[in-house]
Amino acid sequence: MRIPIYNRDMTRIGTIRHASKVGYKRMFNDLHTASFEIPADDDADNDLCETVHGIVDIVDGDKSVGKYRICDQPESDITGEGEFIQYELEHVIAFLFDDRIDGYLEMGGTGVYTEDIIRHLLSLQTVKRWQLGRCDFRYQFQYSWEKEDLLNALLEYQCTLIVFGVMSNLPVG
């Protein structure tokens, strides 16, 4: 299987030509994961995968099932068919794990709406990969976080539908 691969800025850097055993798991209220294997002696494909958090587009048939980042440590697996390197992937929304709320943050309440809270949290990204599109919710809840990563902050207090419903179709980049 051929898999396009991008760097962290979503610039296409090549195509993984010999991926096999491509699979993915889409879990409700959890981080989607995927994996694939490449022959250990395929230096060109393995060199592409060494890109720090390289991003791949996993497809099922003709349909994309999402963009995933390559996790840091691939595993070697010697099978009866030869030696392969297995790459584990996590959905690109995991980039929100990389940034944290320093200290204590409290916001919300009267006059501060759901959209304001989400925009503020997304403004804390070191690299601006995610942005809020349209937000159909106008709640005025009070929120507080302490030393929390951005993904968990967004998912707290029943924000799951807001984050995945509003943001799941946005491209990374």
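The model is predicted: local features need pLDDT of at least 70, side-chain atom pairs count only at pLDDT 80 or more, and totals for chains, interfaces and linings use all residues. Residues are numbered from 1 along each chain as its sequence is written, and side-chain values use heavy atoms, leaving out hydrogens and water.

**Strand S1**
- Strands are DSSP runs of E, at least two residues, and helices are runs of H or I, at least four, numbered from the N terminus.
- Ile 3 and Ile 5 point one way from S1 (residues 3-6), Pro 4 and Tyr 6 the other way, and all are buried (under 20% relative accessible area; exposed is over 50%, partly exposed in between, with a 1.4 Å probe and protein chains only).
- S1 runs antiparallel to S2 (residues 12-16), joined by four bridges; strands pair if DSSP finds at least two bridges between them.
- Pro 4 has Thr 15 as its bridge partner in S2.
- Two bridges join S1 to S5 (residues 55-60), also antiparallel.
- Tyr 6 stands opposite Ile 55 in S5.

**Salt bridges**
- A salt bridge puts a side-chain nitrogen of Lys or Arg within 4 Å of a carboxyl oxygen of Asp or Glu.
- The count is eight.
- Arg 17 pairs with Asp 45, with the closest N and O atoms 3.7 Å apart.
- Arg 17 is partly exposed at 36%, whereas Asp 45 is buried at 0%.
- Arg 119 bridges to Glu 115 at 2.9 Å; both lie in helix H2 (residues 114-123), four residues apart.

**Glu 83**
- Glu 83 is in strand S8 (residues 82-91).
- Glu 83 is partly exposed, with a relative accessible area of 42%.
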